[in-house]
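Here is a short walk through a structure. Keep the sequence and the 3D view side by side as you read.

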2 protein chains.
Amino acid sequence: MELVTEALAGNRYALARLISLVEDNGAGARAALAALHPRTGQAHIVGVTGAPGTGKSTLVNELTKVLRAQDTTVGVVAVDPSSPFTGGALLGDRVRMRDLAGDPGVFIRSMATRGSLGGLARATSDVVKVLDAVGFTVVLVETVGAGQAEVDIARTAHTTVVVEAPGMGDEVQALKAGLLEIADVLVVNKADRPGAAQAARVLEMVINQNAPRPSSHRGAGEDVWRPPILQTIALDGTGVPEVLEAVAAHREYLRASGTWAERERARIETELRNVLQQELLGQVLARVGEEQIRAWVERIVAREVDVYTAVQAILGT
Amino acid sequence: MELVTEALAGNRYALARLISLVEDNGAGARAALAALHPRTGQAHIVGVTGAPGTGKSTLVNELTKVLRAQDTTVGVVAVDPSSPFTGGALLGDRVRMRDLAGDPGVFIRSMATRGSLGGLARATSDVVKVLDAVGFTVVLVETVGAGQAEVDIARTAHTTVVVEAPGMGDEVQALKAGLLEIADVLVVNKADRPGAAQAARVLEMVINQNAPRPSSHRGAGEDVWRPPILQTIALDGTGVPEVLEAVAAHREYLRASGTWAERERARIETELRNVLQQELLGQVLARVGEEQIRAWVERIVAREVDVYTAVQAILGT
């Protein structure tokens with residue numbers, strides 16, 4: 001609790017420790033989150049997602065710098081295992097990251113990979129809550145947008161930025177990976193490479209085809225949101241302010257149309273289900289014991305019993 | 001049960017219906033899986049994973065053709081949303097897929113994206129079990145290897161093939177995405193493109209650096225497995241037989257070293273935990289009711305209560 005008080009008072013060391021506590025789900029983590037909960041709900045949570053190699057880490061870095069120049073405080077949560085923030089950095093990335101070091105208006109946390117499905121989503125969501133509660137205005141969540149877990153994390157953001165790059169394959173990858181459905185802002189990064197304009201045109205075409213009918217998505221007196229398609233060269237900052245303008249415009253749209261509350265509700269419902277699931281499993285494991293679980297595994301391996309029958313038996317005890 | 005009997009007798013229509021039943025976790029799915037369980041454990045489950053655009057779908061297609069030419073029966077489960085098997089195909093992909101149509105020694109199933117974390121892993125694992133039980137010798141599981149859920153699925157295979165392609169970005173993506181750790185066979189596809197030999201050399205270097213110390217990984221009298229690095233042009237079949245030779249060699253290594261049983265055990269334990277979790281959540285939702293859950297969501301949205309406190313209250317009822 002002292003940690004919470006000190007983190008709220010602006011002590012960065014306490015904040016770092018609080019985040020670690022929450023990420024690891026350690027003793028006192030839940031009490032801390034309960035204490036912080038009334039202060040959450042203020043930050044604009046922005047997901048930045050895309051395939052490895054699109055340069056989204058560099059973009060996150062540049063977005064952060066421009067936001068800081070506007071005096072906006074920024075929390076960064078890097079879930080992408082290929083992000084420089086998570087240790088997968090090449091030398092150039094690390095050099096760029098140093099630009100942000102020492103600025104009290106920025107807090108960067110990279111998430112360790114979790115052993116189990118759902119663990120990563122839980123930890124990410126809790127870390128975002130802490131950054132929200134202590135007052136960061138924008139929280140950027142960087143995920144590699146190609147997996148179900150990562151798409152689920154991106155889906156819980158208020159605004160999702162999907163990053164593409166030309167020449168990543170033979171076709172626009174977002175189309176295939178289903179990322180387009182969750183995109184609020186589309187960015188074609190590495191726009192100085194051949195094929196960037198072509199990639200943007202293909203995205204434009206697809207957005208037009210998929211444009212929602214006015215009746216189904218129209219908010220209270222608001223026009224439908226159409227994801228803008230922007231080109232950037234994150235390496236030198238070209239186009240980055242325009243991405244932030246689009247993100248801010250989307251925030252206004254969410255507020256005006258009532259979609260903000262809808263997304264909030266969806267995020268919280270997903271979270272509630274995930275926490276319920278993990279809590280229940282924890283209870284059962286505590287009751288049944290790891291040894292018993294291992295014994296059931298052996299019986300399944302020996303083909304004496306199948307997994308569903310084993311689960312029924314475990315829950316019947 | 002009739003469906004199980006007919007599927008085991010070689011009725012493809014019954015097999016397709018059985019797989020749908022199991023995928024959707026429909027009524028009777030669990031009884032069917034219990035009946036099939038004693039027949040499982042025979043197939044060689046081979047995961048094929050890599051980023052979108054590496055051409056792994058084409059590789060899976062070619063692997064299947066070569067296996068069929070060797071009279072080996074093949075089940076294919078495509079979890080990758082960008083796979084031609086799942087409907088994301090470009091015209092060329094669909095044409096290639098037709099080569100396999102009408103062959104009773106092949107069964108291809110693409111998995112729909114699941115709404116929740118864990119649902120996809122559960123469904124995939126159950127579909128693989130059915131294909132194993134009805135007698136397919138090799139089951140290829142194609143996943144896009146960039147997300148936690150997908151990596152978890154790949155990890156449950158006996159043998160994991162990680163596919164790279166030159167020019168996908170500025171660096172070898174497998175290094176960054178942590179895929180290298182799970183690779184048993186490494187393939188640099190699109191080997192006719194510039195940079196293929198360079199990509200292979202980088203992988204070679206990393207493999208050498210990461211080579212496990214003999215003491216920690218050595219099996220019963222067996223040498224340590226070192227992932228071979230192969231180059232293919234899946235589009236015209238170049239190098240594909242060599243990939244299958246490496247996969248077969250890995251299978252022999254697994255059997256001889258006792259690692260096969262270890263992997264089997266790990267897979268089953270993961271599955272047991274996932275099924276337990278889902279079952280428990282289902283029970284609670286059935287007891288508490290969706291309406292109550294929504295009421296809790298509203299209280300969390302209103303910041304009256306935080307999610308962990310809500311979960312405690314729900315489980316306390």
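Begin with the contacts of chain A. Among those with a separation of 6 or more, 72% join residues 24 or more positions apart. The model is a predicted one. Chain A holds 14 helices and 7 strands. Of its 317 residues, 48% are buried.

Two loops of chain A deserve a stop. One lies between helix 2 (12–23) and helix 3 (29–36), and Asn25(A) sits in it. Asn25(A) is not a glycine, yet its phi is positive, about 60°. Is this residue buried, exposed or partly exposed? Around Asn25(A), 16 other C-beta atoms lie within 10 Å. A buried residue needs 20 or more, and an exposed one has 12 or fewer. Asn25(A) therefore counts as partly exposed.

The other loop runs between helix 4 (56–69) and strand 2 (74–78) of chain A, and it contains Asp71(A). Here too the phi is positive, about 70°, in a residue that is not a glycine. Asp71(A) has 8 other C-beta atoms within 10 Å, so it is exposed.

Now turn to chain B and find helix 6, residues 119–133. How far apart should its ends be? Helix 6 of chain B has 15 residues, and at 1.5 Å a residue they should span 21 Å. The expected span uses one less than the number of residues. The end C-alpha atoms of helix 6 of chain B are 21 Å apart, which agrees.

Next, look at the surroundings of this helix. In helix 6 of chain B, 14 of the 15 residues are buried, so the rest of the structure largely encloses it. Just after helix 6 of chain B comes Gly135(B), with a positive phi of about 110°.

One partner of interest is helix 2 of chain B, residues 12–23. The axes of helix 2 and helix 6 of chain B come within 9 Å and cross at roughly 155°. That angle makes the two helices of chain B roughly antiparallel, because angles over 145 degrees count as such. The crossing of helix 2 of chain B past helix 6 of chain B is right-handed.

Which residues make the contact? Helix 2 of chain B contributes Leu18(B), Ile19(B), Val22(B) and Glu23(B). Helix 6 of chain B contributes Ala123(B), Asp126(B), Val127(B) and Val130(B). By class, this contact has 6 nonpolar residues, 2 charged ones and no polar ones. An α-helix has 3.6 residues a turn, so residues three or four places apart point the same way.

Note on methods: Residues are numbered from 1 along each chain as its sequence is written. Chains are lettered from A and ligands numbered from 1 in the order in which they are written. This is a predicted model: local features need pLDDT of at least 70, side-chain atom pairs count only at pLDDT 80 or more; totals for chains, interfaces and linings use all residues. Helices (H or I, at least four residues) and strands (E, at least two) are DSSP runs, numbered from the N terminus. Axes are lines fitted to C-alpha atoms, for helices over the stretch in contact, and angles run from 0 to 180 degrees between N-to-C directions. Angles under 35 degrees count as roughly parallel, over 145 as roughly antiparallel, 65 to 115 as roughly perpendicular and the rest as oblique. A crossing is left-handed if the near helix is turned anticlockwise from the far one by less than a right angle, and right-handed if clockwise. Two residues are in contact if their C-beta atoms, placed from the backbone, lie within 7 Å. Ala, Val, Leu, Ile, Met, Phe, Trp, Tyr, Cys and Pro count as nonpolar, Asp, Glu, Lys and Arg as charged, and the others, Gly among them, as polar.
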